[in-house]
Amino acid sequence: MTKAAGMVGLGRLVRLAEAGRPALRFHLDGVEYQAMQGDTVLTAVLQIARSLRAAEFGTERRAGFCLMGACQDCWVWQEDGPRLRACSTLLEPGMRLLSVAPEPWPELSA
Amino acid sequence: MTRILVVGAGPAGIRAAETLVAGGLHPVVVDEGAKAGGQIYRRPPDGFTRPATVLYGSEAAKAAALHQLFDRLVADNRIDYRPQRSVLGLADGVAHLAGPGGAETVAFDRLMLATGAMDRLAPVPGWQSAGVYSLGAAQIALKAQGVALGRRIVLAGSGPLLTLVASQLRKAGAGVVAILDTAPLHVQVLGGLRMALARPWVTARGIAMRAGLGRGYHAGVMLERIETDDSGPRVLHWRDAFGRYRLTDCDAVALGWHLRAETALADLAGASFDWSPVWQQWLVRSDAQGRAGGGLYLAGDGLRILGADGAEIAGRLAARALLQDLGLDVATDEQARDLARLGRMQRFAEGIARAFPWPADMVRTVPDDAVLCRCEGVTAGALRATLPLSGPEANRAKSLGRVGMGRCQGRYCQLAGAEVSAAAAGCRPVEVGRLRAQPPVRPVRVADICSLPPQDQRSIHP
C-alpha cells in the first residue's frame, strides 16, 4: 500500500508551490510513500514525518538545520548503501530510507 | 597553461571564472551545488516551473544573467566544471575532492576561493530541537523545493535576510506568525543611514519590504527560549522592546544573525586571519583585490560579507589580480572602476553590520543548561566548567570541552563559544583566538579516502 504524501497535519513541511511534478515512490522504515520528482530526501521524508532521526548526543530528534550541506545534521540511513545527506541528495525512485540505524547504534542513557 | 582551481560557483565564482576565461585560461570550477548559482541564486532541480521573477524577485535579471553566463562557459567547454563536489583538503598544490563518483584530485598552480557564507548562529535555549532551522534554510526550502518549514513559523535573529525571508515566505503563502529582530530600532536607524548613503535605492527597497511586514515584525526583542515537545517547537518565549514577556505559538523556528564567512579552505591553504570588529568574526587577510599571498585569491562572502552584488565585483577583481600576477594583460581601467564599486559595497555592508549587530549580550549570558554545540549537545555550562582547566584559548577549550569538535566543525558554535569563553575570562572574543580548520572540511567516507594514493590521504587525515 502506498500512503499519500503530504497529508495535512502529519508532516513538518508544507508544499507551497511546484505541486505539478510527477509522483515518485520510496520507502521509509519499510513503509511505501509517495513524493515528487525533484524532492530532496529531506523534503520527501519531512512531508510525512516530523523529523529525520534521533540525536546521538541528546534526547531530542533532528530534522536538518542549514539545508545547504554545512551543518551535517540531516544524515539518514538506507537499508542498503551509504548514509545520505538528506538536504543535498535528490530522492530517487525506490529509495529505501531508514530513520534508525540499520545496525546497533549507541543508545544515550538520559 | 597555468592550472587554476576555482572553488564555488556562486556570484563570485562565476564572475571569476568568466574573467579568467577572458584572460585566456581554462580553470577547473568545483562546486557543491548541482547547478551553478550559489545559495542566493540557487536554482531548483529540473522539472520545477516557477520563473526567475518569482524565485529571485527584484534580483531576477542578475540571477538569470549569471546562470546563462555560466551555462554558456560550460557548453562552450571554456571551463572544466565539476558540480556536486566538496573540496575536503588542500596540500602541496593538490585539492582533494569528494563527489558522487567518490574521491578525486585536482592539481593547481593558483587557487581562487569563492566559498561564500552561511548563517551566523547564536544559541537560543531549545534550538537543538527538530523544527529549528537557520534563516537561510527557510529560504532554501522555499526557493529550491517550494516548501515551508512549518505551518506557524517564527523567524528570529537579525540582518537583511530576516526581512527578506519573511517577505518571500508571506508572498508564497506560508504561515509566518512572528518576525523577531534582536536589533533595537534606534541601532537600525543609525546603521541604516550609512546604508542609505552608500546605496539609497537598495536601502529604500529594504525599508519598503520591512514596512510590508506590518504588525508581525518586532524590533529590539530578547529571545528567552524555544519551548519544545517531542514533535518540535511549540511556543517561542520572548520579551518585546518594552520588556513585556510574550508567548508565540509556533511549530517551526528559523534563526540567524546575518552571515558568517566560510573560511575553512582558506585556512588550509595557509591564509592569515584578522578579527573584524565590524563583522565580529575572523576574516581572511588580503589586499583590496583579493590576493591572500602564496598563489591564493579570494572573492565574495567568504572574504568580505558584501552580498551578491559585491561578490560579482570581487570575483572580477580577484581574477584580474590573478591574471596580472601571471603577467597577462588586464583592463586596468576596469579594475580601477571595480575597486571604486567595491568601496561603495563595503560602506553599505558596514552599515548593515552596524544596523543588525551580533547579539553579544544574549550569548554571553546564555543559561548554563542551554545547548551551545548542536552537533554534540554540549551545553554552555559544560563549556564554562571546562574553562578553569583549559583556559579561554579557543582550540584548547575545544579539545577539552568539545565545543567545535562536532560534525559541523564549529561552523555554527565557534563564535558563540568564543563569546561565552570571553565572558568567563573577562576579555573580548578576539582574545580567545580562532579555531583552526581541520581536514576533511566536509564528512567523507573512509572508503573514499582509502581510494586515494597514500601521499594524498595525508592532506585529509594528517
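B:Gly175 counts as partly exposed, because 15 C-beta neighbours lie inside 10 Å. The cut-offs: buried means 20 or more other C-beta atoms within 10 Å of a residue's own, exposed means 12 or fewer, partly exposed is in between, and C-beta atoms are placed from the backbone.

A word on the model. It is predicted, so local features need pLDDT of at least 70 and side-chain atom pairs pLDDT 80 or more, while totals for chains, interfaces and linings use all residues. Residues are numbered from 1 along each chain as its sequence is written, and chains are lettered from A and ligands numbered from 1 in written order.

Back to B:Gly175. It sits in the chain B loop between α5 (160–172) and β12 (176–181). Helices (H or I, at least four residues) and strands (E, at least two) are DSSP runs, numbered from the N terminus. Leaving out residues up to four places away in sequence, B:Gly175 touches B:Arg151, B:Arg152 and B:Ile153. Contact means C-beta atoms, placed from the backbone, within 7 Å. B:Cys250 is 75 residues away in sequence, yet 9.6 Å away in space, C-alpha to C-alpha.

Now chain B as a whole. It has 17 helices and 24 strands. Of its 462 residues, 55% count as buried. Its C-alpha atoms fill a box of roughly 65 × 50 × 40 Å along the principal axes.

Last, the contact between chains. Chain A gives 32 residues, chain B 43 residues. On the chain A side, β2 (14–15) and β6 (61–62) each supply at least two residues. Strand β2(A) runs antiparallel to β10 (residues 147–148) of chain B, joined by two bridges. There, A:Arg15 has B:Val147 as its bridge partner. Strands pair if DSSP finds at least two bridges between them.

Note on methods
Contact = placed C-beta atoms within 7 Å.
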